[in-house]
Amino acid sequence: LDLSGLTELSDETAEFLGKHMRGIRLDGLTKLTDAAAESLSKLKGCDMEHTIRGLQLGVTNLSDTAAEHLSKLKNDLSLNRLTELSDDAAESLAKRVEKFKSWHITLDNLPASAAKILRDAGHG
């Protein structure tokens, strides 16, 4: 489901999407609540027939709690626009890097300490 033009996402809509969708592109989304992250982390597994596999987010930062929720996602995860990430959030994501089928994040855009945590975990 391509929702690239969407700039806001209610927790209720995120809950619906997390229950019923396999892949979602939300590149226009600039903010993500912890509750929405938890709901989206429950996306159904996807197969190769789906154009959008997993979750693509346009957010520039993630809270520690949102990162913990998204670390449980068992599908692809794209966070290419992420520029702010605490070390705790990076640790949450790093613990589960191996679960992601595909993991897209530009480490050069992150604070050096968060980028190092992810790099040391085998990403990048």
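A salt bridge here is a side-chain nitrogen of Lys or Arg within 4 Å of a carboxyl oxygen of Asp or Glu. The model is predicted: local features need pLDDT of at least 70, side-chain atom pairs count only at pLDDT 80 or more, and totals for chains, interfaces and linings use all residues. Residues are numbered from 1 along each chain as its sequence is written, and side-chain values use heavy atoms, with hydrogens and water left out.

**Exercise 1. Trace the salt-bridge network that contains Arg25.**

Step 1. Start with Asp2. It forms a salt bridge with Arg25, and the closest N and O atoms are 3.2 Å apart.

Step 2. Helices (H or I, at least four residues) and strands (E, at least two) are DSSP runs, numbered from the N terminus. Asp2 lies in the segment before helix H1 (11-20) and Arg25 in strand E1 (residues 23-26), so the pair ties together parts that are 23 residues apart in sequence.

Step 3. Check accessibility. Buried means under 20% relative accessible area, exposed over 50%, and partly exposed in between (1.4 Å probe, protein chains only). Asp2 is partly exposed at 44%. Arg25, at 21%, is partly exposed, and so is Asp27, at 22%.

**Exercise 2. Describe the salt bridge between Asp120 and Lys116.**

Step 1. Take the distance. The two side chains meet at 2.6 Å, N to O.

Step 2. Explain the spacing. Asp120 and Lys116 are four residues apart in helix H5, so about one helical turn separates them.

Step 3. Classify both ends. Asp120 is exposed at 56%. Lys116 is partly exposed at 48%.

Step 4. The structure holds four salt bridges.

**Exercise 3. Work out the surroundings of Ser41.**

Step 1. Locate the residue. Ser41 sits in the loop between helix H2 (34-40) and strand E2 (54-57).

Step 2. Classify it. Its relative accessible area is 12%, so Ser41 is buried.

Step 3. List its contacts (heavy atoms within 4.5 Å). Setting aside residues up to four places away in sequence, Ser41 touches His69, Leu70, Lys72 and Leu73.

Step 4. Find the side chain's reach. The side chain of Ser41 comes to 2.6 Å from the backbone oxygen of Glu38.

**Exercise 4. Give the strand order of the sheet and name its edges.**

Step 1. Apply the pairing rule: two strands pair if DSSP finds at least two bridges between them.

Step 2. Read off the order. Four strands form an open, parallel sheet, E1-E2-E3-E4. The edge strands are E1 and E4, each pairing on one side only.

Step 3. Look at one pair. E1 and E2 run parallel over four bridges. Gly23 stands opposite Gly54 in E2.

Conventions:
Polar contact = N/O pair within 3.5 Å; in protein donor to acceptor, adjacent residues only side chain to side chain.
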